[in-house]
Amino acid sequence: MLISVIIPCYNEEAVINETNCRLISVIQGITPNFELIYVDDGSQDKTADLLRQLQQNDPRIRTILLSRNFGHQMAVTAGLDHATGDAIVLIDADLQDPPEVIEQMVYQWSQGYHVAYGVRTERIGETAFKRWTAKAFYRLMNQLSDVPIPLDTGDFRLMDRQVVEALKLMPERDRFLRGMISWVGFKQVAVPYQRAPRLAGVSKYPFWKMVRFATDGILSFSLVPLRMAIWTGLFTFGLSLIGIIYALIIRLFTKSWVEGWTLLFISVLFIGGIQLVFLGVIGEYIGRIYRENKQRPLYLVRERLGFNRSQ
Ligand code: UDP
Ligand code: MG
């Protein structure tokens with residue numbers, strides 16, 4: 001039995017060495033048979049050099065250097081494509097997800113579960129704003145999405161090889177891994193844990209990146225925004241029917257029928273606004289189709305270290 005641990009790293013020079021020590025000491029306690037796969041997501045600091053050094057001193061460490069910053073989800077995907085373990089663990093480089101929890105995940109896996117996902121019962125040291133937006137997002141996501149996605153889960157989880165093989169069959173570019181992993185099914189179980197503060201360095205998810213990530217999650221797992229166009233369309237159609245009846249009544253039965261001007265003005269603006277909004281929503285989906293159609297690779301590797309096997 002081989003356990004692979006995938007650690008995406010973007011400008012994590014401040015934490016890499018300590019993370020590596022903690023991970024190794026925890027996993028050694030579980031099994032002697034493991035590999036750590038570090039994916040450098042085009043860091044601008046010394047992360048790549050540090051990973052190179054770590055890899056030279058320890059044959060159980062493998063390092064993938066991507067050609068530029070492709071984003072967290074792509075970095076994890078690169079790791080998944082290179083992992084050879086029977087069980088594969090995803091964990092952040094900043095020790096916000098305590099490595100000790102992996103032991104419980106491995107236990108659940110040995111009990112026959114295919115996915116053991118971490119659920120954050122508490123987030124220590126994160127701003128109230130981040131906690132609140134994250135909470136709201138997971139609830140909204142669940143309302144809209146076609147497959148239920150467990151609340152308050154991140155990417156910290158253990159997956160059986162079968163699940164990873166299933167994920168590899170999903171070549172989509174807008175990757176929202178936690179949703180995709182829910183979609184594949186299999187037997188899944190929650191492992192609760194407390195999310196610690198970042199060991200050092202700053203979050204690589206500033207506000208706009210979070211908004212983008214959330215939009216990706218919703219648009220690639222839900223057609224509800226498109227369906228909303230139909231409902232809103234029906235609603236405005238209903239309103240305009242009332243307007244027509246009103247206009248007809250004052251035209252036929254009163255003498256003051258020029259008064260409809262305000263109604264006309266408002267309804268033109270109202271319908272125009274709604275049309276523009278949904279044009280935008282449709283545009284988002286079309287943009288995604290366009291991006292998928294180009295069939296570009298998801299990420300590009302600059303260097304692979306510690307992989308002797310032919311890829
Ligand atoms: N990360 C990455 N590429 C990016 C952004 C982040 O590989 O473009 C990695 C980062 O190094 C960390 C993990 O993804 O290991 C989670 O990022 P972070 O801790 O900054 O996010 P947060 O915990 O604040 O949501
Ligand atoms: Mg973090």
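The shell around ligand 1 comprises 6 nonpolar, 5 polar and 5 charged residues (Ala, Val, Leu, Ile, Met, Phe, Trp, Tyr, Cys and Pro count as nonpolar, Asp, Glu, Lys and Arg as charged, and the others, Gly among them, as polar). This is a predicted model, in which local features need pLDDT of at least 70 and side-chain atom pairs count only at pLDDT 80 or more, whereas totals for chains, interfaces and linings use all residues. Residues are numbered from 1 along each chain as its sequence is written, while chains are lettered from A and ligands numbered from 1 in the order in which they are written.

**Ligand surroundings**
- P8, Y10, A93, S203 and K204 come nearest among the 16 residues around ligand 1 (a residue is near if its C-beta atom, placed from the backbone, lies within 6 Å).
- At least two residues of this shell come from each of β1 (3-9) and α3 (72-82) (helices are DSSP runs of H or I, at least four residues, and strands runs of E, at least two, numbered from the N terminus).

**Helix packing**
- Helices α1 (residues 16-30) and α2 (residues 47-57) pack at an angle of about 35 degrees, with axes 10 Å apart (axes are lines fitted to C-alpha atoms over the stretch in contact, and angles run from 0 to 180 degrees between N-to-C directions).
- I16, N17 and N20 of α1 meet T47, L50, L51 and L54 of α2 (contact requires C-beta atoms, placed from the backbone, within 7 Å).
- This contact of α1 with α2 holds 4 nonpolar, 3 polar and no charged residues.

**Strand pairing**
- Strand β5 (residues 115-123) pairs with β6 (residues 153-160) in the antiparallel sense over 4 bridges (pairing requires at least two DSSP bridges), and V119 has T153 in β6 as its bridge partner.
- β5 and β7 (residues 188-195) run parallel, joined by 8 bridges, and R120 stands opposite Y193 in β7.

Terms used: Two residues are in contact if their C-beta atoms, placed from the backbone, lie within 7 Å.
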